[in-house]
Amino acid sequence: MSPQPFDSLKGFAVTFRQMFKKPITQQYPEYKRPVYPRFRGRHRLWRHENGLEKCVGCSLCAAACPADCIRVVAAENTPGNRVSPGERYARIYEINLSRCIFCGYCELACPFDAITLEAEFEISEYSRDDLIYTKDMLLAEPVKRMPVADRDLYDTPTPVWKAES
Amino acid sequence: MPRRELLLEDADTRDLTKLAGYEAIGGYASLRKALDMERQAVLAELLDANVRGRGGAGFPMGRKASFLPHPDDTPKPIYLVANADESEPGTFKDREILLRVPHLFVEGVVIAAYTIGSGHAFIYLRGEYLAEFEVVTAALEEARAAGYLGKNVLGSGWDLTVVVHRGAGAYICGEETGLLESLEGRRGQPRTKPPFPAISGLYASPTLINNVETLATVPKILELGGKKYARIGVENSAGTRVFSLSGNVVNGGNYELELGTTLRELIDEIGGGIPDGRELKAIIPGGSSVPVLTAAEVDTPLDFDSMAQAGTMLGSGAVIVIDDRCCMVQLGLRVAQFYMHESCGKCTPCREGTRWMVQLLRKIEEGEATQGELDVLLNVCDRILGNCLCPLGDAAAMPVASYVAKFRDEFQRHIDEGACPFGGESSLAGVLAPVDQHDAHLRSQIEVPGIRAERESLTEAHG
Amino acid sequence: MVRVTIDGQEVLAPKGQGLVETAASVGIEIPVFCYEPRLGPPVGACRMCLCEVEGLPKLQAACTLTATDGLVLRTARTSEQAAGGQSAILEFILLNHPLDCPDCDKGGECPLQDLTFRFGPGSTRMQFPKRTFDKPIPISPLIALDRERCILCYRCTRFSESVSEDGQLVAANRGAQSIIATFEDEPYRAHFSGNVLELCPVGALTSTTYRFRARPWEIQNVPTVCGLCPVGCNVWATTREGKVARILSRNHPEVHEGWLCDKGRFAYDHLRAEDRLRTPLVRVRRRGFEEASHEAALDAAEAGLRAAGSSVVVAFSGGETVEQATALARIVREGLGSDAALLPDDWDAALDAFRAPLSAIRDADVCLILGDDPVVERAPVVDLWLRAARRAEAEVIAVNPAGDVQAAPGSAAQVCADLREGKKVPTELRETAKSLKSAKRVALVWSEDDPTGGRHVGALANELHENGRAEVAVYVLPRTPNGRGVATAWYTVGEGRSDPPGEGEIGALVVSGDEAASDPRVADLAARASFVLTTAMFQSELTAWSHVVLPGTSYLEREGTYVNLEGRPQRLRRAVVPFGPDELEWLAQLAERFGVAIDPWAAPTAAEQADLPPADEFAWSRPDPQAPPGKPAGPGLELVRIGALFSGAAVERIPQLQFQRPAAEVELAHEDASTRGIAPGEAVVVTSNGTSRELRAGLNRKLRVGVVRIPAEHAKDFGDRVQVSRLSTGESR
């Protein structure tokens with residue numbers, strides 16, 4: 001007996017069987033798969049509980065950035081206008097997200113945990129200028145919340161210093 | 001050894017503060033003798049006498065004087081400086097000499113100035129010694145009136161001006177280059193050596209600096225002759241010294257003894273032993289800057305070599321007796337506080353290290369320290385030793401390290417028991433150091449518009 | 001030369017060379033904090049440089065050691081003991097050092113950070129509270145002091161004590177509570193205070209004008225030359241995002257040894273002043289000024305100049321580059337046919353026979369200072385050299401109304417003539433003449449305006465050289481930064497011809513630069529001119545009179561050559577781009593319209609530090625000039641106007657420098673004050689030439705009787721003599 005057409009029929013059978021199996025395709029954007037807890041998405045600047053910004057404008061994130069996409073201009077806190085604890089704050093803080101490679105070095109470099117990379121990744125824009133995020137944009141809560149996978153399942157326990165800072 | 005007095009001879013029976021009294025026992029005869037000799041000959045006598053400096057370092061005086069250039073070989077003036085800034089804790093021998101035999105000291109100054117060819121002598125007197133200042137200036141005035149100093153000393157054609165300068169309360173100005181800086185009107189912070197004062201000292205000119213007791217010995221050396229003086233005492237530690245005995249002892253005070261007398265003799269026989277029936281625990285043999293000796297080492301002779309062999313130093317000759325009611329940790333803390341307070345602040349290890357030592361010792365004394373912190377204390381002492389600009393840093397680190405080494409169990413008990421085992425009953429309890437009484441934070445009074453002084457620090461705001 | 005072994009490497013070094021330099025010469029780093037050879041002999045205070053020396057048990061401070069034959073040194077690289085010692089020192093420094101790196105301006109360019117990384121411990125064992133102070137404290141409007149960060153290296157106090165000799169920055173307290181403070185807590189007010197910012201190895205002393213402006217990884221440094229005084233200190237212009245953020249010094253050992261004055265260091269923000277002219281302005285009849293395009297402005301300029309024919313006068317400011325001055329000279333001389341110019345500083349080229357670098361002042365035996373303007377106000381760094389000379393045991397003699405020899409005002413030329421006499425020297429100059437005679441190396445400093453271009457002092461130098469066989473260096477201090485270069489360019493283009501402006505009507509006046517625009521002589525000329533073309537950075541009375549105003553550029557925005565007072569041609573480099581074309585560019589365009597071909601750019605050069613061409617080939621060949629007659633005596637007191645350093649358009653626009661502006665004071669001699677019953681600090685009325693002004697009286701023990709000194713900007717409209725009286729009595733004498 002010749003192998004053909006039996007082998008071809010076997011192959012077709014695989015195809016036909018798959019046609020009736022439930023696909024594992026996740027239907028994005030109706031279903032958004034939860035990202036891992038350490039996922040590096042869009043940056044976020046944080047505040048202390050008393051409302052002062054954590055960022056002191058030290059520019060270490062700009063120094064660490066391999067893509068050179070962060071621009072920090074610092075200014076002095078005055079008694080009338082205290083923005084951060086300490087002597088200085090970031091008057092201008094801009095990240096050019098079209099250059100950013102989302103490596104997370106800025107998060108690692110920050111001495112005050114002022115900047116972290118959060119879960120948001122839906123940041124497409126129509127114009128490149130809109131991709132330059134300013135400080136207010138980075139300080140704000142994200143408009144859309146991305147689902148984040150359960151920390152206990154996927155991550156080592158959050159160290160004390162991070163959870164309580 | 002028998003008690004033998006050279007410097008303080010006759011001081012008990014006569015009033016030697018007045019010129020008449022001093023001359024009556026043959027005072028200023030050595031000066032006349034010296035003026036008849038060549039300068040080199042006087043220097044030779046001093047070298048033969050092998051007298052070692054009495055200030056603390058113990059450097060042979062004759063050799064130090066020989067480092068100075070001959071007056072003909074240098075265009076600069078030559079200066080003599082008498083170090084009367086006695087500040088080593090436990091030491092009060094110089095004040096004895098200044099108060100009771102000032103003319104002996106003045107005569108020594110004049111002879112020493114003659115020997116090195118100096119026309120200007122400075123006496124740097126500790127500022128707190130008010131009575132001594134009165135006595136010394138009165139003696140100098142008497143000497144000048146009698147022609148023993150000033151213009152044309154005793155008709156020799158040589159002029160000597162003596163200036164008394166009062167210090168302003170810094171231990172570091174007892175260090176020779178710190179003293180020179182203070183004398184020049186600057187901050188009393190030591191200089192690096194080389195150049196040594198013998199080449200470039202006061203006003204960058206050759207200078208000989210000696211302790212009061214060393215200078216007071218000079219007339220006696222000339223009276224006896226250098227070689228005869230060298231036979232007093234023991235090998236390599238010639239002559240007598242005035243030892244200041246203090247602490248937990250019945251008869252504290254200044255006692256002039258031949259070098260080589262043992263500590264036991266001084267403490268038990270002359271000093272009357274420990275009062276209140278307590279036991280001897282420790283002895284500091286040469287001022288707080290030297291390592292401590294345990295009670296077992298009480299038979300160590302008081303001379304330079306024996307002390308060095310025992311791992312400590314003869315230092316300033318101040319013997320502090322400690323009985324078993326004294327907590328060694330408290331003693332270490334008190335001593336460290338002194339050095340922290342007196343550190344001049346010029347070099348990093350002493351300035352920062354002494355402060356750290358005090359913080360660690362305080363924590364140990366309060367019983368809050370961990371085992372690791374005791375090791376850190378020893379490591380800090382080790383890191384200060386040898387790295388400082390002047391010996392003050394070593395003077396802080398060596399004693400404290402010796403307390404830990406020789407009384408380790410007491411330190412250990414503080415750590416293990418979480419409190420001082422003496423429970424507030426130690427003889428040092430409640431004794432305050434000056435540093436506890438100062439609040440030295442300086443507040444700026446400059447008002448300059450344009451800059452806002454921040455008052456919150458980063459750590460404060462973080463909470 | 002001696003043989004020294006460092007880390008096993010044999011090095012041949014000059015005997016007595018500092019070991020830190022010897023090690024550096026073979027690429028071995030010995031870490032230091034307090035070591036700075038420019039501050040004098042090493043102190044060995046910080047103990048950072050501890051190294052092992054063979055034969056000595058303890059570690060030694062390498063900075064205090066010099067190269068001697070057979071010395072064997074082991075640094076931290078090869079000696080565990082030394083590495084441990086250096087790590088210990090860093091641990092001790094960091095013990096009480098605050099965790100300020102993110103806040104601190106020094107971060108990124110901080111030797112403490114770098115040395116900790118290379119030689120220090122990896123972590124801290126300090127768990128106790130650190131010592132704290134109030135911080136930061138402004139010790140002047142320019143400098144902020146942070147005592148917590150201070151590592152007490154004492155470089156700043158040593159600078160204040162033994163370089164600038166103002167004694168204002170001192171150490172107070174003792175031990176761990178030592179602090180740096182100003183004397184009596186007064187603001188640090190001195191001409192050279194900014195140098196401590198560069199000396200401080202940590203962020204304890206920081207600049208308030210640069211505070212938080214940039215981080216070291218965000219900046220570019222452009223090597224250029226300061227253009228605010230004729231010394232021409234070499235600087236780095238630090239720029240961020242196209243703006244100058246600060247000025248740092250770039251050590252030229254012969255010119256300024258790395259020191260800068262506060263004007264040169266802090267006046268850079270005048271580039272961003274709000275009232276800076278940004279576009280060309282053309283006066284339109286009955287409508288005042290209108291902004292015009294560059295082309296339109298050049299058209300108007302061309303029209304005005306053509307209408308003037310050859311009746312054109314050009315007023316230079318002394319701030320032009322040599323290329324600019326040459327271009328302007330060629331337009332006026334070749335294009336317009338006029339040789340009339342007003343030069344701010346004249347210069348006689350024969351003085352080049354006595355040229356020498358400024359560093360030669362320190363090696364002189366006698367320094368003679370002539371002229372009524374204080375040297376520190378006219379060319380500040382020269383004053384530092386003179387102080388260095390005095391410390392090196394030279395004899396420094398100042399001959400002026402307030403000097404060691406109290407000369408009459410304006411008598412500098414007569415003094416030169418008198419000192420040339422030899423035998424018949426007047427009494428008060430005898431000592432000076434004796435010192436000059438026995439000196440082997442003489443430095444002559446001329447510190448006032450001289451219309452002969454320096455011939456008086458040149459004649460004296462020639463005399464000393466010929467008859468005294470001395471080596472003489474002459475330093476004539478021009479009033480303007482490139483006065484010498486401009487004068488040379490003008491004479492070179494015209495082959496020596498030059499006409500004074502002349503009386504009567506002028507067809508066109510070309511005013512080049514702000515200094516010329518504020519010169520009263522130029523205002524006189526403008527009143528007589530039919531057409532005025534002005535280049536300036538800022539608006540002024542003169543620009544309001546002009547017909548065409550072109551925006552000027554600062555020395556930081558131009559590329560070109562400045563010739564400093566030594567005769568050293570130095571290259572200015574463009575640190576930031578100006579608003580529009582710079583002067584050379586539009587001069588080239590204007591020149592084209594008159595048929596003169598000029599390159600719109602300066603010739604390229606790669607030299608970072610300029611050399612001074614030697615003086616060998618020049619010889620003094622001038623007849624002895626006549627000293628001008630003395631001023632007639634009269635009632636009242638003789639006025640000497642002082643040109644202050646902290647004046648001028650740039651300084652006026654820096655808020656942090658306002659505290660240095662000359663006070664409204666009149667300096668009196670003690671006798672004059674007591675005969676008038678005036679106490680120090682009292683308010684007085686000064687009257688002259690029909691005007692009167694209220695000033696505060698200051699007494700100067702060294703001031704010559706019969707003379708008063710007033711800063712020039714408070715003595716406007718005064719004549720040569722003034723009357724001074726107490727405010728309350730009103731009697732003038």
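Domain bounds here come from an automatic or database domain assignment. On that basis chain B has three domains: domain 1 covers 19-229, domain 2 covers 233-323 and domain 3 covers 328-437. Before I go on, please keep in mind that this is a predicted model.

Let me stay with chain B for a moment. The C-alpha centres of its domain 1 and domain 2 are 27 Å apart. Where these two domains of chain B touch, 19 residues come from domain 1 and 19 residues from domain 2. On the domain 1 side of chain B, two helices each give at least two residues: α5, residues 93-100, and α9, residues 212-224. Of the elements on that side, α5(B) gives the most, with three residues. By class, the domain 1 side that touches domain 2 in chain B has six nonpolar, seven polar and six charged residues.

Now the contacts between chains. Chain B meets chain C with 36 residues, against 43 residues of chain C. Which helices of chain B each supply at least two residues to the side that touches chain C? They are α13 (328-342), α14 (348-365) and α15 (371-384) of chain B. The largest share of that side comes from α14(B), with eight residues. Sorted by class, the side of chain B that touches chain C holds 15 nonpolar, 13 polar and eight charged residues.

Chain A also touches chain C, through 14 residues of chain A and seven residues of chain C. Two elements of chain A give two or more residues to this side, namely α2 (60-64) and β2 (70-76). The side of chain A that touches chain C is made up of eight nonpolar, three polar and three charged residues.

That brings us to chain C itself. The assignment divides chain C into domain 1 (2-95), domain 2 (131-272), domain 3 (295-345 + 483-593), domain 4 (349-476) and domain 5 (637-726). Note that domain 3 of chain C is given as two stretches of sequence, 295-345 and 483-593. The C-alpha centres of domain 3 and domain 5 of chain C are 33 Å apart.

Next, a sheet in chain C. It is an open sheet of five strands in the order β2-β1-β5-β3-β4, and the pairing is mixed. At its edges are β2 (9-13) and β4 (60-61) of chain C, each of which pairs on one side only. Inside the sheet, β1(C), residues 2-6, and β5(C), residues 71-74, run parallel and are joined by three bridges. Val4(C) has Leu71(C) of β5(C) opposite. Lying across β3 (50-53) and β5 of chain C is helix α2(C), residues 80-95, at about 160 degrees to β3(C).

My last item is strand β32 of chain C, residues 707-711. Why can we call β32(C) largely enclosed by the rest of the structure? Because five of its five residues are buried. As for its partner, β32(C) pairs with β28(C), residues 637-642, in the parallel sense over five bridges. Within this pair of strands, Glu638(C) stands opposite Val707(C).

Key:
Residues numbered from 1 in each chain as written. Chains lettered and ligands numbered in written order. Predicted model: local features only at pLDDT ≥ 70, side-chain atom pairs only at ≥ 80, totals over all residues. Helix = DSSP H or I, 4+ residues; strand = E, 2+ residues; numbered from the N terminus. Nonpolar A, V, L, I, M, F, W, Y, C, P; charged D, E, K, R; others polar. Pairing = 2+ DSSP bridges. Axes fitted to C-alpha atoms, helices over the stretch in contact; angles between N-to-C directions. Buried ≥ 20, exposed ≤ 12 C-beta atoms within 10 Å, placed from the backbone.
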